[in-house]
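Please examine the structure and then work through each solution in turn.

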Amino acid sequence: MRNVLSLLTGAPNRIFLTRGDSGINAYSANGFRPSMVLDFFRNFYVGVDRRTQNPSDIVTYGTPGLALMTDSDGFQKWNPHNLALNSATPATQSITVVSGNDYTVEITGTGSVTLSGAGTGTVTAGSPVEVTASTTTLTLTVSGSPSTLSTYRSDQGGMAPVPLGQRVAGSETYVPTTSAAVYIPRENSYLYDADTDTWINNGLFLEAEARTQLLHTTNVLVTQSHTVTAVPHTLHFTGTGTVTLSGASTAGPLVGTGTGNQNRVSLTFTPTAASLTLTVTGTVSDAQLEVGSTPSSYIPNPAASGTVTRAAETAVIEPENNPLIEVGPELVTNGDGSTLTGWTAAGDTIAVADGEFSVTGGTGAGYLYQSFPTVIGQNYLLSGDITKLGNNFEGVRKSDNSGATINVENLTGANGVLGSHTLIFTATAATTFIILQNNDTVNAAKFDNISVKSLSMPTALSIGLKGKVTGASSTFINWTADADNGLLVQSSASDFTFTQEAATVVDTVTGGSYTSGINVPFNIASRHGNTFINGAVDGTALTANLTPTALADLTTADFQIGPDFMGHITQVVLYSDDIEDTGLEEITQ
């Protein structure tokens, strides 16, 4: 069956705002203030009572590479990225590129970068160079003192602008890197609104399912054949031409309706396991054939053969950034490195200097430790900074005894790693020790900001979520500790289900209406507690389930956003309260 792939079935869901209030209180529901806001439409982000311009401060993304998104001008562009390493201290390097694709290299500051290998040219500040890669290795030879170095994919429509809150010195193209390439998630992704003939920001484009482009010469498709399997496939393209199927399937034909991504058309079919021929007449642009019952974002393959895969994307709120988890008082005395009071020292050289702990080993290990009471089975968050390493360094350790190897967990694994780190542990004794250890007898290791706090679940919480989704069923939220304890928000082919499970006891609420399609708007919310669960869809609360007897302990689990989801997340709002049915209806209108 042929269908036009509508990229936007309506304007963005209404963003709930209190009149005259543009801060976090604008997202209050039934008088309850949220504890976290991720508003990808308004670029407003607050986590753990702290506002940020970068959602990556709250959400940990799995964005493994390049993917296309639509910008405000309607053109498909690559997500912001930088392939050059150590971009703020540029040095000569070679990077891997794809032959036949276009790349742009630019610098700021003085000096130059000379290109060789996959492309040639000399880059100076204000004069970037674009090359079409002729091989798979592009060498960047740095001369002088450039301040920054960028290398990014610039075919298709180029690269999307760096999100406003993440820009450096006003640049729309510079993405800072260290020892690895950086890819920014597809924020500020636009969809077409046929009613207003405009492109509208629909927030974070998230595709949790990996897809493989089976076609070649996709920019301007040519007739070709491929061996396929007997599972659903989807073909889609833009342009005014026609693709006729033969061999493994005779579905279609698929006829184009015009140029531009707003005129993308699609055809889903299940072939037999055989050779499928796609015969092209007219102009067929940006074509894609993929395994799946829905179309995903375009994956270019301008080469004359082969396939290209776009990896799955993930978005999670890790426990230390999850405001739904209640954090107890500080258990470590003087963890800021200002004094040794509260700590016990062992070793030749133990000191505080410049607000840090300095530890050097003696005839054996040198270490600082202190103990505090803990509740067996309770979860705790250990955090700390390692600012200098010894040559024979052990690290920051949690133990059931000072200096002993009893139930030891190290903050960064077997040995220390510079930087700020966190570790969630479950107490196994009524007294727990934190140990700062260095086995080097010559070189000091340094520590700072050592902290331990208890973690616990609230007695009630609420979640609001809106956006647009593609497919027959999705998982919008998955907050699961194990097979017997968790919280889920999902859709089926016809409705929504809100689930919570504690110690194998499952409680659900199902209702609302959902029709499978492409970029279908959703506006849903749920509330969860020790004695209730309920949900709301499009301004209407469902019938509460009052049979729950517990809310599971999920303090060590990642809060997953869209783990089985293809579409756009416009807004996520979390409340550490029961906002009641009135609140559910208020935020989903």
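In the hairpin of E32 and E33, where 2 residues lie between the strands, Asp-354 adopts a positive phi near 55°. The model is predicted: local features need pLDDT of at least 70, side-chain atom pairs count only at pLDDT 80 or more, and totals for chains, interfaces and linings use all residues. Residues are numbered from 1 along each chain as its sequence is written, and side-chain values use heavy atoms, with hydrogens and water left out.

**Exercise 1.** Determine which strands pair with E33.

Solution. Strands (E, at least two residues) are DSSP runs, numbered from the N terminus; two strands pair if DSSP finds at least two bridges between them. Strand E32 (residues 349–353) runs antiparallel to E33 and is joined to it by 5 bridges. Within this pairing, Ile-350 has Val-359 as its bridge partner. Strand E40 (residues 445–456) also pairs with E33 in the antiparallel sense, over 3 bridges. Here Val-359 stands opposite Ala-445.

**Exercise 2.** Decide whether Gly-239 is buried or exposed.

Solution. Gly-239 lies in strand E22 (residues 233–239). Because its relative accessibility is 2%, Gly-239 counts as buried.

Definitions and conventions. Helix = DSSP H or I, 4+ residues; strand = E, 2+ residues; numbered from the N terminus. Buried < 20%, exposed > 50% of the residue type's maximum accessible area, 1.4 Å probe, protein only.
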